[in-house]
Amino acid sequence: MNPIALKLCDIQGRLFALFADSQYSPESLVKTFMESDLAKALDSEYNRLQWAGEEYLYEELIAVHKEKLVAKRENISKEVLFWMGYLYRYWHFYTGEESARIYKQAPFDTMNTNYFMFHTLDTEVAIDDLKEICRQKKKHG
């Protein structure tokens, strides 16, 4: 993983950590972001939004997708949200998959449930394990 990719992982982690202090549900923010054109822009080879910073990305997400967001009902720690954001972006660089596809495999609940087991693992091992959980759910579901 090159330093630029790791910086983008960090930016997305910090973006998700901002969700903890939002008036909107972190779950709705994560889902909306992962399925948005903003995430798609970060997935691209190069896009100016990759260097916009987490505050700008947050404001853009709210401005463009406010109607999709729901009021905050639960509190999720900044650490959990940072890990989700970082891991989702790393997942993109690791596999080449787009954010929306990644979210379908590991939605908010899956990430939140598995945080305590996976947050100390090597990032690539955590991604491989999350992909296996998705395969098992499809196989048995």
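Biologist: How many Å does helix α1 (residues 3-18) reach from its first C-alpha to its last?

Modeller: This is a predicted model, where local features need pLDDT of at least 70 and side-chain atom pairs count only at pLDDT 80 or more, while totals for chains, interfaces and linings use all residues. Residues are numbered from 1 along each chain as its sequence is written, and side-chain values use heavy atoms, leaving out hydrogens and water. Helices are DSSP runs of H or I with at least four residues, numbered from the N terminus, and their expected span is 1.5 Å times one less than the number of residues. For the 16 residues of α1 the expected value is 22 Å, and the reach is close to this, at 23 Å.

Biologist: Which helices are included in what covers the buried residues of α1?

Modeller: Buried means under 20% relative accessible area, exposed over 50%, and partly exposed in between (1.4 Å probe, protein chains only). Among the buried residues of α1 are L8, I11, L15 and F16. Their cover, taken as contact (heavy atoms within 4.5 Å), includes α2, α3, α4 and α5.

Biologist: At the start of α1, which backbone nitrogen does a side-chain oxygen of N2 reach?

Modeller: A polar contact pairs N or O atoms within 3.5 Å, one able to donate a hydrogen and the other to accept it; residues adjacent in sequence count only through side-chain atoms on both sides. The N2 oxygen comes to within 2.9 Å of the backbone nitrogen of I4.

Biologist: Is S36 buried or exposed?

Modeller: S36 sits in the loop between α2 and α3, and its side chain reaches the backbone nitrogen of L38 at 3.2 Å. Because its relative accessibility is 4%, S36 counts as buried.

Conventions: Helix = DSSP H or I, 4+ residues; strand = E, 2+ residues; numbered from the N terminus.
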